[in-house]
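Dear colleague,

I am handing over the structure below, and my notes on it follow. Please read them alongside the coordinates.

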Amino acid sequence: MRIPLHAFIAATLVASACGGEAPSSADSSPYEALASREQAAFSGVNGTYCLVSPYNCKLQASGGNRVPTNAPEDDNWGLVTGVPIRDGHGTVVGTNMRTSAAFNYGQTRTFAGELHAFAVSTSNSSAGWLPISSILGRTSFEQKVGHVSALGAGLGNLGCYAVRDWHDTTLEFKKVVYDSTATHERAGDYLPLVRANGLRSVNLVFNVPGFALGGPAVDHFPAGTKFQRLDVPTEHGVPSIDIPLWVQDSAGRYRQQSGTMKFLYGYVIAATGTKRNGWMAYDALQVSSGCP
């Protein structure tokens, strides 16, 4: 029998914290971990369904991470091509020529006097902000997009970091989800990769991947961007969350653990002056100073 995703992750996290090994499918502990993990879900600061931290929550209480279209089987909205793609600072990083894209729920910002929505993928080989005026069915989209922002008021500051201008290539293709069969769900989704414009940039995410919450991006920033870490509460008392990474086993399935990935909570002050809270992979950052 296949082990449920968040059961295995929870059991692995417990094993890691205790200095042991991840349990095998023959053990009953993953199922016990599932029960405890489901009981541990609670209403927190960033949502009504949270795991490990009150700041690690589902993007919306019910429904998925995408802005739904009128066709439940397809998250992609039609687009007018030839429009600018912007990063989280409002900088134009390319021209979008894709005819459709999925958008993450609750994410809108105004750039150059125009409302934008956050596309999961663009012609820059990255997420990015596209003008809502370029979305076919704009009226319907505006009725469905909603608004969600991660919070951070009252949390103390920890270290100052900056987005790296490099990444560890040995991490890129490891999976963040146990037994993943998806094209993505890779550690590289949370690293500062080189994009179509030749520059590196990285996702700021609403929650940590590996908990069946989706790890959806809510903004996207270039190398050099300052990230102020916050002293976020967690179940284990450490202001970060580690998840296991997975590589292929002898059967070609992503079930063999190979290291971990740490996520920090904090914020970026965009060039527009907007504060954007969220989680970022420690492997995407380097120690810096002068965070605003």
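The pLDDT stays under 50 over residues 1-12, which have 40 contacts (heavy atoms within 4.5 Å) beyond four places in sequence. Where pLDDT is low, the predicted coordinates should not be read in detail.

Local features need pLDDT of at least 70 and side-chain atom pairs count only at 80 or more, whereas totals for chains, interfaces and linings use all residues. Residues are numbered from 1 along each chain as its sequence is written, and side-chain values use heavy atoms, with hydrogens and water left out.

Strands here are DSSP runs of E, at least two residues long, numbered from the N terminus. Strands pair if DSSP finds at least two bridges between them; β10 runs antiparallel to β9 (residues 193-194), joined by two bridges, and Val194 stands opposite Arg200. The β9-β10 hairpin has five residues between its strands, and Gly198 in the turn has a positive phi of about 85°. With β11, β10 pairs in the antiparallel sense over five bridges, Pro222 being the bridge partner of Ser201.

Best regards

Notes
pLDDT is the predictor's confidence in each residue, from 0 to 100. Helices (H or I, at least four residues) and strands (E, at least two) are DSSP runs, numbered from the N terminus.
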